[in-house]
Amino acid sequence: DHYPVVGVNWNQAKAFCVWRTEKLNKYLQEQKGESMLSEFRLPTEAEWEWAARGGNHLNPYPWGGPYTRNDRGCFYANFKPLRGNFVADGGLSTLIVAHYPPNDFGLYDMAGNVAEWTSSSYSSMSNTYIHDMNPDFQYMAKESDPSAMKRKVIKGGSWKDMSYYLQCGVRSYEYQYESRSYIGFRCVRSAMGRQYDK
């Protein structure tokens, strides 16, 4: 109950968001007589990065500094430190959620522990055709599409990654139909208002 969910592919993570939205809306309708005009979903790459930075726009890591250790020598996240000594940071694989302090927005595990799915599609060329004001590239791949079209952006790095992948601006990808022991997800909620029954 206290560990991050892993082994879930992108399609399953999206399906969970749909289920969670329906569950919340049903509860609110039955208990409070209101319908939320909102949904749970995976964050876009840009939303994820903004949240991970926690207001520290010029620093590479969510904790706001350029180093992976604090002034007492303790690591800020669960990753593969040093020359691959997995246990040097306190864990051989995933650790309990919130084992390390949150970022300045109060969000835990924005770097390390498990990498996270985003709703954004991955293309090495996407920076040439997305807009600076809303940097997002989405593509709903069909079954018949080539594998290169089924890549989704993952962010945050994991317990098996070196510190480079923990940086907020670094992106990687995985195929939307693949599940891994080091990839999880978090939901974001789009709220657009409420409707009350009379």
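M162 sits in the loop that links β3 (151–155) to β4 (171–175). The model described here is predicted. M162 has 47% relative accessibility, so the residue counts as partly exposed; the limits for that class are 20% and 50%. Together with Y164 and Y165, M162 makes a nonpolar surface patch of about 300 Å².

Five of the five residues of β3 are buried, so the strand is largely enclosed by the rest of the structure. The cover extends to both faces of β3. On one side, R151, V153 and K155 are buried. On the other, K152 and I154 are buried too.

Strand β3 pairs with β2 and with β4. Strand β2 (residues 115–121) runs antiparallel to β3, and three bridges join the two. Strands β3 and β4 are also antiparallel, with five bridges between them. K152 takes part in both pairings.

A52 belongs to helix α2 (residues 45–53). Its relative accessibility is 0%, so A52 counts as buried. Leaving aside residues up to four places away in sequence, A52 touches P62, N103, M110 and C168. C-alpha to C-alpha, A52 lies 35 Å from E30 in space, and the two are 22 residues apart in sequence.

Conventions
Residues are numbered from 1 along each chain as its sequence is written. This is a predicted model: local features need pLDDT of at least 70, side-chain atom pairs count only at pLDDT 80 or more; totals for chains, interfaces and linings use all residues. Side-chain values use heavy atoms; hydrogens and water are left out. Patches are made of residues with over 30% relative accessible area and no salt bridge: like charges are joined within 9 Å, nonpolar side chains (Val, Leu, Ile, Met, Phe, Trp, Tyr) within 5 Å. Accessible areas come from the Shrake-Rupley method with a 1.4 Å probe; for residues, only the protein chains shown count as cover. A salt bridge is a side-chain nitrogen of Lys or Arg within 4 Å of a carboxyl oxygen of Asp or Glu. Helices (H or I, at least four residues) and strands (E, at least two) are DSSP runs, numbered from the N terminus. Buried means under 20% relative accessible area, exposed over 50%, partly exposed in between (1.4 Å probe, protein chains only). Two strands pair if DSSP finds at least two bridges between them. Contact means heavy atoms within 4.5 Å.
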